[in-house]
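Keep it brief, and give the cut-offs.

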Amino acid sequence: MSGKADPRPAGEGTTSRARLDRGRGALGPALELVHTGRAPTRAVLTAELGVTRATAGAVAAELEALGLIRVDARPTAAGSQGRPSHRLAVAEDGPVVLAAQVHADGFRAALVGLGGRIVATAPGSETVDADPAKVLGSVVEAGADLLRTTGRRCVGAGLAVPSAVAEPDGLALNPLHLAWPAGAPVRRIFDECVRAAGITGPAFAGNDVNLAALAEHRHGAGRGARDLLCVATGHRGVGGALVLDGRLHTGSSGLALEVGHLTVNPEGRPCYCGSRGCLDVEADPLALLTAAGRDPGPEQSLLRQADDLVRDHYDDPAVRTAAESLIDRLGLGLAGLVNILNPDRIILGGLHRTLLDADPGRLRAVVADRSLWGQSGGVPILPCTLDHNSLVGAAELAWQPVLDDPLGALTRG
């Protein structure tokens with residue numbers, strides 16, 4: 001035993017432990033604040049949590065000890081007002097989750113850290129087998145290779161698929177643009193593939209547009225919105241999602257916001273769902289290419305071909321006419337959603353983001369003219385800003401248990 005006296009006043013160690021014990025329930029909220037960039041300093045963290053400076057310091061120190069965040073050793077001046085405070089950031093060398101995405105034109109795997117930061121990606125595949133087990137086995141193995149190469153600790157896995165995913169069983173009910181059987185148990189298959197690859201942590205699956213909306217709300221164009229509506233094209237079809245108070249609104253069984261099957265042209269194209277003129281077939285990449293008189297080629301995805309057509313050839317009368325037709329139908333669908341949902345922000349992804357960039361005035365005018373709430377003041381309509389937002393959203397699913405209970409999740413892991 002050392003003969004040196006403890007420099008701390010009597011009882012200080014006990015006091016620090018008591019502060020941390022009181023702050024245990026704040027670990028999750030604190031981590032989420034840093035994860036989403038809403039607490040860049042310890043002073044902001046203290047204010048957001050509504051705790052004492054000492055308790056916030058103990059909470060931040062515990063999260064740092066868990067390897068989840070980094071706390072600057074020296075306080076940094078906050079500007080002309082306010083006292084200096086320690087800056088907080090997610091730990092760049094901390095744990096990761098495996099994120100996987102399957103779409104009509106291929107699949108991709110990535111490792112994603114806190115803060116929505118993509119750490120590593122595997123080369124994407126451009127083919128999707130009709131057997132979901134083969135596809136998910138391949139994408140998980142690609143992720144496992146990334147983990148072996150990087151040596152990072154993995155705490156979970158998330159999967160984004162172009163289908164409504166029914167709860168509680170995790171069934172892909174309508175993978176219309178894949179050759180998969182309806183009702184494929186994608187979450188169970190994904191979980192089995194994750195376990196077989198030796199990856200630890202829970203596995204989750206969700207609809208790709210739902211997950212894109214979640215990622216954009218936490219890290220992108222949707223930050224700060226209370227009621228966020230997201231509508232996006234994938235490589236085929238149209239999807240939608242709603243985030244309320246920071247949480248996805250998925251309905252009673254995970255099937256809410258199937259906006260692709262809103263009718264916007266009653267005499268329009270037959271839809272896979274059995275109806276006609278749905279957004280899914282009137283405002284997706286294939287619809288644009290067809291309306292512009294362009295034959296889709298096999299060398300690039302339909303989404304890439306449609307995006308390039310609008311960006312590079314918008315002055316072509318045929319392309320402009322086709323794009324304006326899609327914008328009008330998209331605007332009609334958005335107006336109906338605004339009337340029902342009254343969101344405070346709309347974000348658009350995929351081809352819809354490109355159409356918004358090409359002619360923002362036309363789309364906003366259609367929505368304002370056709371919606372009651374649009375006429376009363378307008379709803380901001382913005383482009384999504386994150387690259388690979390469905391992948392980042394899949395990672396958010398896997399991070400959620402850690403955000404809910406950092407200590408418990410990492411101990412279990």
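Helix 11 passes helix 13 in a right-handed crossing (right-handed if the near helix is turned clockwise from the far one by less than a right angle, left-handed if anticlockwise). Helices here are DSSP runs (H or I, at least four residues), strands are E runs of at least two, and both are numbered from the N terminus. The model is predicted: local features need pLDDT of at least 70, side-chain atom pairs count only at pLDDT 80 or more, and totals for chains, interfaces and linings use all residues. Residues are numbered from 1 along each chain as its sequence is written, and side-chain values use heavy atoms, without hydrogens and water.

Helix 11 (residues 317-341) and helix 13 (residues 360-370) pack at about 40°, with axes 8 Å apart. That makes helix 11 oblique to helix 13. Axes are lines fitted to C-alpha atoms, for helices over the stretch in contact, and angles run from 0 to 180 degrees between N-to-C directions. Under 35 degrees counts as roughly parallel, over 145 as roughly antiparallel, 65 to 115 as roughly perpendicular, and the rest as oblique.

Contact means heavy atoms within 4.5 Å. On helix 11, the residues in contact include Ile 327, Leu 330, Leu 334 and Val 338; their partners on helix 13 include Leu 363, Val 366 and Val 367. By class, this contact has nine nonpolar, two polar and four charged residues. Ala, Val, Leu, Ile, Met, Phe, Trp, Tyr, Cys and Pro count as nonpolar, Asp, Glu, Lys and Arg as charged, and the others, Gly among them, as polar.

Two further helix pairs follow.

| Pair | Axes come within | Crossing angle |
|---|---|---|
| Helix 5 (residues 132-150) and helix 6 (residues 186-196) | 9 Å | roughly 40° |
| Helix 2 (residues 27-35) and helix 15 | 7 Å | roughly 140° |

Helix 5 and helix 6 are therefore oblique to each other. Their crossing is right-handed. Pro 132, Ala 133, Leu 136, Gly 137 and Val 140 in helix 5 touch Val 186, Ile 189, Phe 190, Cys 193 and Val 194 in helix 6. That contact has nine nonpolar, one polar and no charged residues.

Helix 2 and helix 15 are likewise oblique to each other. Helix 2 brings Gly 28, Pro 29, Leu 31, Glu 32 and His 35; helix 15 brings Glu 396, Gln 400, Val 402, Leu 403 and Asp 404.

A pocket is an open set of points on a 1 Å grid over the protein atoms alone, where a 1.4 Å probe fits, with protein on both sides within 12 Å along at least five of seven lines; lining residues have an atom within 4 Å of a point. Of its 20 lining residues, Leu 211, Leu 214, Leu 248, Thr 250 and Leu 397 are closest to the centre. Strand 9 (203-207), helix 7 (208-219), strand 12 (247-248) and helix 15 (389-404) each give two or more residues to the lining. The lining has eight nonpolar, seven polar and five charged residues.

Two backbone exceptions remain. The peptide bond from Glu 167 to Pro 168 is cis, with omega near 10°. Pro 168 sits in the loop between strand 7 (165-166) and strand 8 (171-172). Leu 257 is not a glycine, yet has a positive phi of about 60°. Leu 257 lies in the loop between strand 12 and helix 8 (279-282).
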